[in-house]
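Hello,

I am passing this structure on to you. Please look through it before reading the notes below.

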Amino acid sequence: MTVTSGEVYAMSPAHSEQPVHPPIRPQRTVEELLAAKGAKPITSLDDLTADTFASDKELEEFVAFVHSERRRDVA
């Protein structure tokens, strides 16, 4: 790219096969995007649960770590 007096010009070699700008994608609605991903609405809080921690002790250690890190730089 070349900048001259506030104007920006995209420079590419004459033999370049790639366009300067990416191709325009077709506009899709939110509903179309969700359907393409197979997304389903959340019907219960149980839909949001995940088995991230192997035990309650591991979760408690993580929470304690986060709290200590948040307070670390506070003086």
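In what order do the elements of the protein chain run from the N terminus on? They run β-β-α-α, with 2 helices and 2 strands in the chain. Helices (H or I, at least four residues) and strands (E, at least two) are DSSP runs, numbered from the N terminus.

This is a predicted model, in which local features need pLDDT of at least 70 and side-chain atom pairs count only at pLDDT 80 or more, while totals for chains, interfaces and linings use all residues. Residues are numbered from 1 along each chain as its sequence is written, and side-chain values use heavy atoms, with hydrogens and water left out.

The chain has a mean pLDDT (the predictor's confidence in each residue, from 0 to 100) of 82, and 73% of its residues reach 70 or more. Confidence is lowest in strand E1 (residues 2–4), with a mean of 53, and highest in H2, at 94.

Of the 75 residues, 0% are buried (buried is under 20% relative accessible area, exposed over 50%, partly exposed in between; 1.4 Å probe, protein chains only).

The whole structure holds 1 aromatic pair. Phenylalanine 53 and phenylalanine 62 form this pair, which is tilted, with 5.3 Å centre to centre and 40 degrees between the planes. Rings of Phe, Tyr and Trp (its six-membered ring) pair if their centres lie within 6.5 Å; planes under 30 degrees apart count as stacked, over 60 as edge-to-face and the rest as tilted. Phenylalanine 53 is partly exposed at 30% relative accessibility, and phenylalanine 62 is partly exposed at 42%.

Phenylalanine 65 lies in helix H2 (residues 56–72) and is partly exposed, at 47% relative accessible area.

Regards
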